[in-house]
Amino acid sequence: MTRAEDQPGHVVAVFGSSGTAGAGAVEACLADPRVSEVRAVTRRPLALSHAKLREITCSDFGVLTAITHHLAGVESCLFCLGTSVRNVKGGDEYRTIHVTYALAAARSLLAQSPEASFLYVSGGGTNRNSRWMWARVKAEAEDRLMRISAIAITQFG
Ligand SMILES: NC(=O)c1ccc[n+]([C@@H]2O[C@H](COP(=O)([O-])OP(=O)(O)OC[C@H]3O[C@@H](n4cnc5c(N)ncnc54)[C@H](OP(=O)(O)O)[C@@H]3O)[C@@H](O)[C@H]2O)c1
């Protein structure tokens, strides 16, 4: 991010802000003087108060119609929402969270802020042909996200 002193700061949206990756992203953004506002899209309140933080409560991450307007003016969106295969009932639920929700977020973001960047926190070793369900699902999310925009994929493993 480079920005002249007289320009407003960067506005960042974070999905999954109550989780490990998302909370770290929120903390880093709040501490960064180049960031003027952090919009945390969350289904439950964050135990956090900060002048730059704005919480956006979302009850259904598959249908973002009610909160889409909050993504106007966002320049970067960090999609840290996700979970372990251990926490879901099966592949359908895992796919809903990691593909359906991610695509809904990216599409809503780009409808409101067409120039915004979208970063998807994926996983190490994702592959459409993997023997592991989670790796196939995250690879599908990466492929589909990259088809709708210039999506940055961050892999941890
Ligand atoms: N942490 C790591 O070391 C690591 C390593 C590799 C990849 N990743 C990837 O990074 C992503 C986040 O991981 P994490 O470790 O930060 O997970 P986490 O601590 O369990 O946090 C998950 C976040 O996603 C939200 N979430 C989960 N299921 C949801 C659902 N069904 N509907 C709405 N929100 C939901 C949680 O909201 P609530 O708080 O409301 O439940 C929370 O904000 C995952 O995709 C994970 O695979 C993480």
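S117 counts as partly exposed because 16 other C-beta atoms lie within 10 Å of its own, where a residue is buried with 20 or more such atoms within 10 Å, exposed with 12 or fewer, and partly exposed in between, the C-beta atoms being placed from the backbone. The structure is a predicted model, in which local features need pLDDT of at least 70 and side-chain atom pairs count only at pLDDT 80 or more, while totals for chains, interfaces and linings use all residues. Residues are numbered from 1 along each chain as its sequence is written.

S117 belongs to strand β5, and helices (H or I, at least four residues) and strands (E, at least two) are here DSSP runs numbered from the N terminus. The protein has three helices and six strands, in the order β-α-β-β-β-α-β-α-β from the N terminus on. Of its 157 residues, 32% count as buried. Contacts are taken between residues whose C-beta atoms, placed from the backbone, lie within 7 Å; among those in the protein between residues at least 6 apart in sequence, 64% join residues at least 24 apart.

V38, in strand β2, is buried, with 25 other C-beta atoms within 10 Å, and, not counting residues up to four places away in sequence, V38 touches V12, V14, V26, C29, L30, K52 and L53. G124, in the loop between β5 and α3, counts as exposed, with 9 C-beta neighbours inside 10 Å. The table gives one C-alpha to C-alpha distance for each of these residues.

| Pair | Separation in sequence | C-alpha to C-alpha distance |
|---|---|---|
| S117 and A106 | eleven residues | 9.1 Å |
| V38 and A25 | 13 residues | 9.7 Å |
| G124 and K138 | 14 residues | 9.6 Å |

Leaving aside neighbours within four places in sequence, A105 is in contact with F15, L64, C77 and F79.

Two packed helices are described by the angle between their axes and the distance between the axes. For helix α2 (residues 91–112) and helix α3 (residues 133–148), the axes come within 10 Å and cross at roughly 15 degrees, the axes being lines fitted to C-alpha atoms over the stretch in contact, with angles from 0 to 180 degrees between N-to-C directions. That makes α2 roughly parallel to α3, since angles under 35 degrees count as roughly parallel, over 145 as roughly antiparallel, 65 to 115 as roughly perpendicular and the rest as oblique. The contact is made by G91, Y94, R95, H98, V99, A102, L103, A106 and R107 of α2 and by M133, W134, V137, K138, E140, A141, R144, L145 and I148 of α3. By class, this contact of α2 with α3 has eleven nonpolar, two polar and five charged residues, with Ala, Val, Leu, Ile, Met, Phe, Trp, Tyr, Cys and Pro taken as nonpolar, Asp, Glu, Lys and Arg as charged, and the others, Gly among them, as polar.

Key: Two residues are in contact if their C-beta atoms, placed from the backbone, lie within 7 Å.
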